[in-house]
Amino acid sequence: MKRKRLFIHLLSIGILAAGLGVSILIQPEPGGYVSLAKGLAGVALVFMLASFLLNGKLVPLFTALGYFLTFLFAYFFQQDGLAGPGSNNFGRLWIISYSIVFLISLYFESVYANKKLHS
C-alpha cells in the first residue's frame, strides 16, 4: 500500500514538473508569467507534501493535472485588458481556475475518506 501511495506522489511530481516546463516554454516571459508559473508550482508542491503527510490519494493527482490543465485553460481563453497591449487576464484566469480545481480535489478527497471510514 505504501508503494502505491509513493508511486502516486512521485507520478504527480513528475506531471507537475512537466507542466511547469511546458508553461515556461509556451509563455517564456510576456508580463512576468514565469514567476507566476514557478509560484503556482511551489504552492502545488506544498499541497502535495501536505497530502503525502495526511495520506491523501486524490489531491496530488488533481493538483498536478490541474496545474497543467488550468494553464492551458488560461492560455487559450485569455483576453486583452482595457489597459492596453500586454495587459490581459491570463494570471487571474490561471489562479482562479487552479483554486477551483484544488477545492474540488479537497471535496472529493473528503468524500473518499468518509466513505472509507464508514465502510
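Trainee: Let's start with N55: what is its relative accessible area?
Mentor: Keep in mind that this is a predicted model, where local features need pLDDT of at least 70, side-chain atom pairs count only at pLDDT 80 or more, and totals for chains, interfaces and linings use all residues. Residues are numbered from 1 along each chain as its sequence is written, and side-chain values use heavy atoms, with hydrogens and water left out. Buried means under 20% relative accessible area, exposed over 50%, and partly exposed in between (1.4 Å probe, protein chains only). N55 counts as partly exposed because its relative accessible area is 43%.

Trainee: And what is the phi of N55?
Mentor: N55 sits in the loop between α2 and α3 (helices are DSSP runs of H or I, at least four residues, and strands are E runs of at least two, numbered from the N terminus). Although N55 isn't a glycine, its phi is positive, at about 65°.

Trainee: In what order do the elements run from the N terminus on?
Mentor: The protein chain has four helices and zero strands. Reading from the N terminus, that gives α-α-α-α.

Trainee: What is the angle between the ring planes of F90 and W94?
Mentor: Rings of Phe, Tyr and Trp (its six-membered ring) pair if their centres lie within 6.5 Å; planes under 30 degrees apart are stacked, over 60 edge-to-face, and the rest tilted. F90 and W94 are both buried, and both lie in helix α4, four residues apart, about one turn of the helix. Their pair is tilted, with 5.6 Å centre to centre and a plane angle of 50°.

Trainee: Is I104 buried or partly exposed?
Mentor: I104 lies in helix α4. Because its relative accessible area is 37%, I104 is classed as partly exposed.
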